Amino acid sequence: MKAAVFKGPGQPLEITEVGIPRPGYGEALVKVKACGVCATDLHYLHGTPTFKKPPLILGHEISGVVEEVGEGVEGVGAGDVVIVPPVISCGACSRCREGRDNICENMKMVGNHIDGGFAEYLTVPAKILVKLPQNLPVHDSAIISDAVSTPFHAVRNRGRVMGGEWVAVFGCGGVGIHAVQSAAAFGASVIAVDIDDRKLRLARELGAVETVNASEVDVVKTVQRMTSGGVDAAFEIIGKPATLEQAFSVVRPGGRLVVVGYSAENWSLRASRVMFREISVLGSLGCRLAEYPTIVKMVASGRLKLAPTISDRLSFDEVNDALKRLEEGKVVGRQIVVVS
Ligand SMILES: [Zn+2]
Ligand SMILES: [Zn+2]
């Protein structure tokens, strides 16, 4: 089969022929239809170590069709149209047992611990697969597995966003745009913050009531003025200390800051503000498996839209171009690689 293989940091993925994997006990062989291109893939190219040493097939935002299942698999079979969530949880640790499988103590990630979706086939534990209804477009649905689900979990489960609240979303890229959509779908008034007017226009089309270009105005003052004193919840989806500071500063007393963006850097925050104003600072990682059916329903009913957020549907051979465009900040929305 064709695969785009990661050989090490700084090198383009090598498009080459490798053997088709065989499904082991409890596993499914999935024929990949499409795979989204995520900033996490870029982090590996930039040197963040992967758990499985290269050669490794990257890609963790996958839709496909089950080709074959191994022994011991129930509830999913050949021909099922599925998405592959990025995280494989153990089901047995304390976190899994309390229903927080997204922070499983033994978690493995597709396209990191095991080979991922920039390939014609992959094998994964069948228990993680999420079946799609027939009315969803199979290629575009790839982004549900990460770009849609990660901010959905942040907005609903961590941020507990409710109708009528003010919400600020910092960073309206492939993930942030879905935080805008999710918060708007739950009835919040969303302020989209970015430095790219094209991303802000898309955010407005998808439910933001206000937009702020952070390169043009003082974000904190502007958001404070718009909301007469701060937002109920702010979501930081960039992963930079400077934007974390801004997001923290626009939260009203008693409000929530949800950290979704990844940063390896330290960030210092004013402890007195957290204490005196009872600000909740919450981390958010990926999505619990239990939340996927709700997301799929909201996509199927049109409450969450996929197509307008997909910037490009690329061929397999364009995967390195896609990564380069993402790196250069040229992408508005999410790129998907159409594999078959
Ligand atoms: Zn990702
Ligand atoms: Zn676990």
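Analyst: Serine 182 counts as buried, at 0% relative accessibility, where buried means under 20% relative accessible area, exposed means over 50% and partly exposed covers what lies in between, with a 1.4 Å probe and protein chains only. Before we go on, this is a predicted model, so to speak with care: local features need pLDDT of at least 70, side-chain atom pairs count only at pLDDT 80 or more, totals for chains, interfaces and linings use all residues, and side-chain values use heavy atoms, with hydrogens and water left out. Residues are numbered from 1 along each chain as its sequence is written, while chains are lettered from A and ligands numbered from 1 in the order in which they are written.

User: Okay, where does serine 182 sit, and which residues is it in contact with?

Analyst: Serine 182 belongs to helix H4, residues 176-185; helices here are DSSP runs of H or I with at least four residues, strands are runs of E with at least two, and both are numbered from the N terminus. Leaving aside neighbours within four places in sequence, serine 182 is in contact with Phe152, Val155 and Leu304, contact meaning heavy atoms within 4.5 Å.

User: How many residues of H3 are buried, and what do they pack against?

Analyst: Eight of the 10 residues of H3 are buried, so that helix is mostly covered, and among the buried ones are Phe152, Val155 and Asn157. The buried residues of H3 pack against H4, S14, S15 and helix H9 (292-300). Arginine 160 follows H3 and has a positive phi, near 45 degrees.

User: Switching to the metal: which atoms coordinate the zinc ion?

Analyst: Cys38 (SG), His60 (NE2) and Asp146 (OD) coordinate the zinc ion (ligand 1), at 1.8 to 2.2 Å. Donors are N, O and S atoms within 2.8 Å of the metal (3.2 Å for Na, K and Ca), and as water is not among the atoms, sites may look incomplete. The donor residues are spaced C-x21-H-x85-D in sequence.

User: Which parts does the pair of cysteine 38 and aspartate 146 tie together, and are these two buried or exposed?

Analyst: Cysteine 38 lies in the loop between strand S3 (27-36) and helix H1 (39-45), and aspartate 146 in the loop between strand S10 (130-131) and helix H3 (149-158), so the pair ties together parts 108 residues apart in sequence. Cysteine 38 is buried, with a relative accessible area of 6%, and aspartate 146 also counts as buried, at 9%.

User: Now the sheets. What is the order of the six strands in the open sheet?

Analyst: The order is S13-S12-S11-S14-S15-S16, with parallel pairing, and two strands pair if DSSP finds at least two bridges between them. Strand S13 (208-213) and strand S16 (280-283) are at the edges with a single partner strand each, so one side of each has no neighbour in the sheet. Neighbouring strands are turned by 20 degrees against each other on average, direction ignored. Strand S15 (residues 251-259) is joined to S16 by four bridges, and valine 259 stands opposite glycine 283 in S16.

User: What does helix H7 lie across?

Analyst: Helix H7 (residues 241-249) lies across strand S11 (166-170), strand S14 (231-236) and S15, running at about 150 degrees to S15; axes are lines fitted to C-alpha atoms, for helices over the stretch in contact, and angles run from 0 to 180 degrees between N-to-C directions.

User: And alanine 168, which residues does it touch?

Analyst: Alanine 168 is found in strand S11 and is buried, with a relative accessible area of 0%. Not counting residues up to four places away in sequence, alanine 168 touches Ile191, Val231, Ala233, Ala234, Phe235 and Val250.

User: Last one: how many helices and strands does the protein chain have?

Analyst: The protein chain has 10 helices and 18 strands. Its radius of gyration is 20 Å, close to the 20 Å that the globule rule gives for 340 residues, so the chain is as compact as a globular protein of that length; the radius is taken over C-alpha atoms, and the rule is 2.2 Å times the number of residues to the power 0.38. Of the 340 residues, 52% count as buried.
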